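Q: I have a structure here that is new to me. Can you walk me through it?

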Amino acid sequence: MFISLNWLQDFLELKLSDKPHLASVVVGHVLSVQKHPNADKLNIAEVEVAPGQINTIVCGANNLAVNQKVPVALPGVTLPGDFQIAVRAVRGI
């Protein structure tokens, strides 16, 4: 699935000259959401990021719901603010 960069600019301030990280941001389909057993403000989501590829993602979004389409930054990408996405355990998950 592709998202128009022009559409995103209606909601986000994007520097078009600084977009190499966008290649590793995909649209994911949320399959399940549950509360993290070891953290009050975290959720565990199963998200399909490509046909047949399901990632377990720990996140703090309190409005995440099943069947949503969400942006997913894949492991290895560095987002603005030097935030590196990596596979790691968050409170045991």
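Predicted model: local features only at pLDDT ≥ 70, side-chain atom pairs only at ≥ 80, totals over all residues.

Q: What pattern do they follow along the sequence?
A: Read along the sequence, the pattern is α-β-β-β-β-β-β.

Q: Which strands pair with S2?
A: S1 and S2 pair in the antiparallel sense, over 6 bridges. S2 is also joined to strand S3, residues 53-59, by 7 bridges, and these two run antiparallel as well.

Q: How many residues sit between S2 and S3?
A: There are 2 residues between them, and the two strands form a hairpin. Gly52, in the turn, has a positive phi of about 80 degrees.

Q: What about S1 and S4, how do they run?
A: S1 and S4 run antiparallel and are joined by 5 bridges. As one example, Val25 stands opposite Ala73 in S4.

Q: Change of topic. Which residues make up the largest nonpolar core?
A: The core has 8 residues: Val30, Ala45, Val47, Val49, Cys59, Leu64, Val70 and Val72. S2 and strand S4 (69-73) each supply at least two residues of this core. The largest share, 3 residues, comes from S2.

Q: Which residues is Ala45 in contact with?
A: Leaving aside neighbours within four places in sequence, Ala45 is in contact with Ser32, Val33, Asn55, Thr56, Ile57 and Leu64.

Q: Asn55 is on that list. Where is Asn55, and is Asn55 buried or exposed?
A: Asn55 is in strand S3. Asn55 is buried, because its relative accessible area is 17% and buried means under 20%.

Q: How many residues apart are Ala45 and Asn55 in sequence?
A: They are 10 residues apart in sequence, and 8.1 Å apart in space from C-alpha to C-alpha. Beyond neighbours within four places in sequence, Asn55 is in contact with Ala45, Glu46, Val47, Val49 and Leu74.

Q: Back to the core for a moment. What does Val47 touch?
A: Not counting residues up to four places away in sequence, Val47 touches Gly28, His29, Val30, Gln53, Ile54, Asn55, Ile57, Val70 and Val72. Val30, Val70 and Val72 are also listed in the core.

Q: Now Lys69. Buried or exposed?
A: Lys69 is exposed, because its relative accessibility is 51% and exposed means over 50%. Lys69 is found in strand S4, and Lys69 touches Val27, Gly28 and His29, not counting residues up to four places away in sequence.

Q: How far apart in space are Lys69 and Val49?
A: They are 9.9 Å apart, C-alpha to C-alpha, and 20 residues apart in sequence.

Q: What about the loops? Where does His36 lie?
A: His36 lies in the loop between strand S1 (25-35) and strand S2 (43-50). His36 counts as buried because its relative accessibility is 4%. Apart from neighbours within four places in sequence, the residues in contact with His36 are Leu42, Asn43, Ile44, Val58, Val90, Arg91 and Ile93.

Q: And Phe11, buried or exposed?
A: Phe11 counts as exposed, because its relative accessibility is 58%. The place of Phe11 is in the loop between helix H1 (5-9) and S1.

Q: Last one, the chain overall. What share of the residues count as buried?
A: Of the 93 residues, 19% count as buried. The accessible surface of the protein chain comes to about 6,900 Å², and 55% of that belongs to carbon and sulfur atoms. Among contacts with a separation of 6 or more, 38% are between residues 24 or more positions apart.

Definitions and conventions. Residues numbered from 1 in each chain as written. Heavy atoms only, no water. Helix = DSSP H or I, 4+ residues; strand = E, 2+ residues; numbered from the N terminus. Buried < 20%, exposed > 50% of the residue type's maximum accessible area, 1.4 Å probe, protein only. Contact = heavy atoms within 4.5 Å. Areas by Shrake-Rupley, 256 points an atom, 1.4 Å probe, with all protein chains shown as cover. Core = buried A, V, L, I, M, F, W, Y, C linked by side-chain atoms within 4.5 Å. Pairing = 2+ DSSP bridges.
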